[in-house]
Each structure stands twice: as C-alpha cells, then as structure tokens.
Amino acid sequence: MPPSSSSQIPFKPRHPLPHLSSQTLLAFPTPQILLITLNRPASLNCISTSQHHELASIWDWMDNEPSIRCGIITGAGNRAFCAGADLKEWNESNNAGKRRSQPRSGFGGLSNRARGKKPIIAAVNGLCLGGGFEMVINADIVLASSTAVFGLPEVKIGVVALAGALPRLVRTVGRQRAMECALTGKQYRAEEMKIWGLVNEVVEEASNDGGNGERGREAPRRGEEYKGVAQRAVEIAETIAGNSPDSIMISKYGLELGWSGIGVEDGTANVMRVMKDEGIDGGENMKEGVRAFVERRKANWVDSKL
C-alpha cells in the first residue's frame with residue numbers, strides 16, 4: 001500500500017493527501033495526529049530535492065485538514081533523524097550545472113516555515129545535522145533520544161546554513177552559543193542541547209529497526225506500539241490534541257508573534273483581533289470548554305474552522 005493512500009487515514013479527509021514517494025511515510029497514531037517518518041535510513045535520512053517538496057505539501061495539507069491537530073516528524077532507523085541534504089545529489093547537480101530547488105518553507109518544508117497553524121513536534125533519533133538541525137530549530141517542541149547528536153557542519157564543506165536556522169538559532173540560544181555552533185561546525189549531545197534550550201526533553205531510546213540501523217520500516221499504524229522518542233512524541237501530541245483546537249492554534253500564533261520580535265502590546269492586540277474576527281471569542285469551543293468545566297466532564301471539541 002503506498003504511503004499516501006487515503007485508506008490508511010482513520011477519518012474521512014476534507015482534502016486529498018498529496019502524492020508521496022517511499023521516501024516519506026505517513027501514519028496516524030490517532031485521528032488527530034499526523035506522524036511523518038523520513039524513510040531513507042541507508043542514507044541517514046538525508047533529504048533529496050524532490051522530498052523537500054513532498055514534505056512542504058504534507059505540512060500544508062496538515063494545516064488545512066480540520067481533523068489534524070498536531071504533527072510529528074521523525075526518522076526511520078536508529079542511526080539518524082536527518083543528516084542533512086543529499087550531498088551525492090548535490091554534487092551531481094554541481095557537475096551538471098543544475099540548480100537545486102527548495103520550497104519557500106525551506107529544508108523539509110519546515111526550516112523556514114512561517115506561521116504554520118498547527119504545532120509540530122520533532123522526535124529526534126540519532127544524527128541531526130545540517131538541514132536536519134535547521135528543521136528542528138524551527139519545530140515547536142523538540143524531543144531527543146539520549147543518543148541524538150546535533151550540529152551545523154556546513155562551514156566544514158564550504159556551504160552555509162541558509163534554510164532559516166541562523167537568525168532563529170540566535171533568538172533561541174543567544175549570540176555566543178549560536179556563533180560557536182555555526183562557525184565551528186561542532187557536534188553536540190542531546191543533554192547539552194537541552195541545557196541550551198533547544199531540546200525540551202531527552203528520552204532513553206530503544207531501537208526501532210531490529211538494532212542494525214540500516215533497515216527502514218513501515219511507520220506504525222493506529223493501535224500499533226511506538227517506542228522511545230517517537231512514543232513520547234505521540235504522548236505529548238495526544239495531550240495537545242485533547243485541548244481545544246481553537247485555543248491551541250491561537251496560542252501558537254501569539255507565541256510566534258513574540259518570537260518574531262513584535263512588541264508585547266501589539267502582539268496581544270493582534271491575538272485579540274484574530275479571536276474576534278474569526279469568531280473564537282464566544283465561539284462553540286469556548287462555550288463548550290466553560291460548560292464542560294462547570295459540569296465536571298470532558299469537553300467535546302469540534303474541529304477548528306481557523
């Protein structure tokens with residue numbers, strides 16, 4: 001069954017899934033959660049030119065699909081989350097005088113993605129280098145296996161991390177740490193990235209590929225067991241998906257306004273305007289949440305219209 005088959009989706013999607021190659025696997029741990037697995041383990045899940053556009057299209061699909069409330073991205077195997085660009089393809093393009101293209105949203109459709117509506121969790125297993133790290137820097141929540149390794153090695157091969165990481169890295173970890181990371185090409189362990197504030201949680205990782213680190217696998221479907229950092233990502237995604245979808249998206253929007261440098265008063269005014277203009281203030285989910293609290297029961301949310 002092809003990874004983009006709609007028969008795998010545990011709900012009736014409003015929009016058809018984009019066509020995906022075997023490089024990108026999709027799963028739905030619950031009807032509200034999308035899990036994307038980079039599936040080139042023999043190449044350390046390096047991303048090819050075509051896969052950048054695949055991933056950009058699936059992130060766009062997620063934002064526009066009302067049933068999905070949270071996304072997760074991880075890598076197949078236990079050696080790498082994503083070791084960056086496909087340098088063999090890059091070298092071939094250089095030799096042929098061809099330009100490689102990337103979507104406007106950057107590496108993996110994520111590293112330079114601006115104002116995505118729904119949260120994305122990076123479940124980092126193994127190597128997370130170059131463009132892989134650039135994706136993670138722009139993720140909303142980052143979980144890392146205890147064996148994960150992070151770095152921007154671009155300066156060591158004569159290129160630059162141009163997919164959105166540099167200005168975002170400064171804002172997240174500060175000038176001096178960002179300079180060290182980008183100018184030395186040094187690699188860092190997960191615990192150090194947690195201290196720096198780039199990783200939310202470090203998870204003891206169990207092998208998900210039989211231990212050889214080379215074989216890809218089908219992403220687990222609903223009801224199947226996830227392990228290690230992927231399992232933890234699903235748990236956090238379930239917590240997020242259990243909250244009001246309107247509140248999640250508006251809260252994410254407000255936080256991103258602050259991260260992008262807008263003033264506190266202007267940012268707050270923008271959030272309040274969106275809530276009013278989109279009918280969130282006093283809307284169906286807000287009323288249901290208050291009613292459920294008073295009645296001491298679990299809220300029954302409806303899909304957001306945002």
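The legends below describe several close-up views of a predicted model.

**View 1. Strand E5 and its buried residues.**
Strand E5 covers residues 120–124 and is mostly covered, since five of its five residues are buried.

**View 2. The pairing of E5 with strands E3 and E7.**
Strand E3, which runs over residues 70–75, pairs with E5 in the parallel sense over three bridges. Within this part of the view, the residue standing opposite Ala122 of E5 is Ile73. E5 also pairs with strand E7, residues 141–145, again in the parallel sense, and here the pairing extends over four bridges.

**View 3. Glu54, a buried charged residue in helix H1.**
Glu54 is placed in helix H1, which spans residues 49–64. Although Glu54 is buried, it has no salt bridge, and the nearest side chain of opposite charge, that of Arg40, is 9.5 Å away. When its neighbours within four places in sequence are left aside, Glu54 is in contact with His19, Leu20, Ser21, Gln23 and Thr24.

Val290 counts as exposed because its relative accessibility is 52%, and the cut-off for an exposed residue is over 50%.

Leu44 is not a glycine, yet it has a positive phi of about 55°. Leu44 is located in the loop that lies between strand E2, residues 33–38, and helix H1. Arg115, which is likewise not a glycine, has a positive phi of about 60°, and its place is in the loop between helix H2, residues 87–96, and strand E5. With a relative accessible area of 44%, Arg115 is described as partly exposed, because that class takes in the values between the buried limit of under 20% and the exposed limit of over 50%.

Note on methods:
Residues numbered from 1 in each chain as written. Predicted model: local features only at pLDDT ≥ 70, side-chain atom pairs only at ≥ 80, totals over all residues. Heavy atoms only, no water. Buried < 20%, exposed > 50% of the residue type's maximum accessible area, 1.4 Å probe, protein only. Helix = DSSP H or I, 4+ residues; strand = E, 2+ residues; numbered from the N terminus. Lys, Arg positive; Asp, Glu negative; His and termini not counted. Salt bridge = Lys/Arg side-chain N within 4 Å of Asp/Glu carboxyl O. Contact = heavy atoms within 4.5 Å. Pairing = 2+ DSSP bridges.
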